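Mentor: Take a look at the model first.

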Amino acid sequence: MLEKWYEEIEAMYEQMVEWRRYLHENPELSFQEINTSKMIGDLLESFGIEVRRNVGGNGIVGKIYGAKPGKTIALRADFDALPIQDEKNVAFKSKVPGVMHACGHDGHTATLLAVAKVLQDNAEELAGNVVLLHQHAEESPPGGAIAMIEDGCLDGVDVVYGAHLASGSELGSVLYRIGPVSAASDAFELKIQGKGGHGASPHQTIDAVAVGVQIANQLKHIVSRRVNPQKPAVISIGSFHAGNAGNVISDTADLTGTVRTFDEDVRSLIIEEMEQLIKGVCKAFHATYEFNYTKGYPSTVNTVDETNILEKCLINALPESKPVIIEKPGMGGEDFSYYLQNRPGCFFSVGARNEDIEAIYPHHHPKFTFDERAMLHTAKIFLSLVDYYTNTERKEALVNSSTI
């Protein structure tokens, strides 16, 4: 059965590429994915799949019913783009000024659409069901995942899997690990209110710039001196805006930044320490402030059994692949974390780097792209996972096989 599915997905490769390139030419930002959502829903319905639209916003949920009872596995693909100008010299360059797919979500969507078509065409072979989670707004907190979950997208689901194309990893590689794979991603905003004045009379002012610089310097010491060095954490200031003239001392300064952690106790400690530090520095310099801290996506944590199942399925899906067990999780954020807070599962990356086509740029770069063959690799992994959960004979064979 699985070999048949592989043949059918290989036959759909050109269609996958066509869908991906159409989406790349017509990107939509987070929470604005009206046309993309409609396209996905229409295609799934044309395959004969049951579809729920507007799930948690612009999300789409499809359900494939197997002929026999069994487990229900969910597969997720995100489909929002980023506010970046596409600088690639390709025929399928974004047609929308200032908006592009710079993170592979177009590839994720095309892959899951092709997988959906193959599985629906072979639904009579399934002992169980498949839920297709086409998710909007992964790039912008609070994200689409949590809203889709609240709207019931995981109802009846036993396990959930998600994949991400990775231009930083060699084509043919698959990266995964048990436990955390991405960090909790938070944001903060700080407005310092001082007293402006002439640059020649600093003693008559409260210099908001000087206060902001002190805070920026001191924040570094929270990680180096207050956080356990065995627990990773990052505090980064991404913007610092103040004043508009060289001879005027600014009365306000605005700072924004991000905090990345894995442990909730570290997350809470950093929030508390930041508030105390900002309060203390502002008091010392006679300034006032407004501090807003926004918790973003939690850490994405893969469960043990489901990650081991992924590892076993790679043997069938990509026998020539190069599995890479990630030693240390990355500090990026990913709202797939919400699915894993509600169901067991695994989030993994599929290598898509190819220097020959300049698929070498990092995610969120204006020239980002990927080797489209990685979509076929991802599709085969998804099909192998579905086969594991809906094919008793294959499951028993894999359980008895050795791990990679």
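Trainee: Is the crossing of helix 6 and helix 7 left-handed or right-handed?

Mentor: This is a predicted model: local features need pLDDT of at least 70, side-chain atom pairs count only at pLDDT 80 or more, and totals for chains, interfaces and linings use all residues. Residues are numbered from 1 along each chain as its sequence is written; side-chain values use heavy atoms, without hydrogens and water. Helices (H or I, at least four residues) and strands (E, at least two) are DSSP runs, numbered from the N terminus. A crossing is left-handed if the near helix is turned anticlockwise from the far one by less than a right angle, and right-handed if clockwise; helix 6 passes helix 7 in a crossing that is right-handed.

Trainee: At what angle do the axes of helix 6 and helix 7 cross?

Mentor: Axes are lines fitted to C-alpha atoms, for helices over the stretch in contact, and angles run from 0 to 180 degrees between N-to-C directions. Helix 6 covers residues 208-226 and helix 7 covers residues 264-284. Their axes come within 10 Å, and the crossing angle is roughly 145°.

Trainee: Which residues of helix 6 make the contact?

Mentor: Contact means heavy atoms within 4.5 Å. On the helix 7 side, the residues include Leu269, Ile270 and Glu273. On the helix 6 side, they are Val211, Gln214, Ile215, Gln218, Leu219, Ile222 and Arg226.

Trainee: How far apart are the end C-alpha atoms of helix 7?

Mentor: The expected span of a helix is 1.5 Å times one less than its number of residues. Helix 7 has 21 residues, so it should span 30 Å. The model agrees: the ends are apart by 30 Å.

Trainee: Is Ile9 buried or exposed?

Mentor: Buried means under 20% relative accessible area, exposed over 50%, partly exposed in between (1.4 Å probe, protein chains only). Ile9 lies in helix 1, residues 2-11. Among the residues it touches are Met16, Ala114 and Leu376. Its relative accessible area is 0%, so Ile9 is buried.

Trainee: What is the phi of His286?

Mentor: Most residues other than glycine have a negative phi, and most peptide bonds are trans. His286 lies in the loop between helix 7 and strand 13. His286 is exposed, with a relative accessible area of 62%. Although His286 is not a glycine, its phi is positive, at about 65°.

Trainee: Is the peptide bond from Pro141 to Pro142 cis or trans?

Mentor: Pro142 is in the loop between strand 4 (127-135) and helix 5 (145-150). The omega of the bond from Pro141 to Pro142 is near 10°, and the bond is cis.

Key:
Lists of a residue's contacts leave out its neighbours within four places in sequence.
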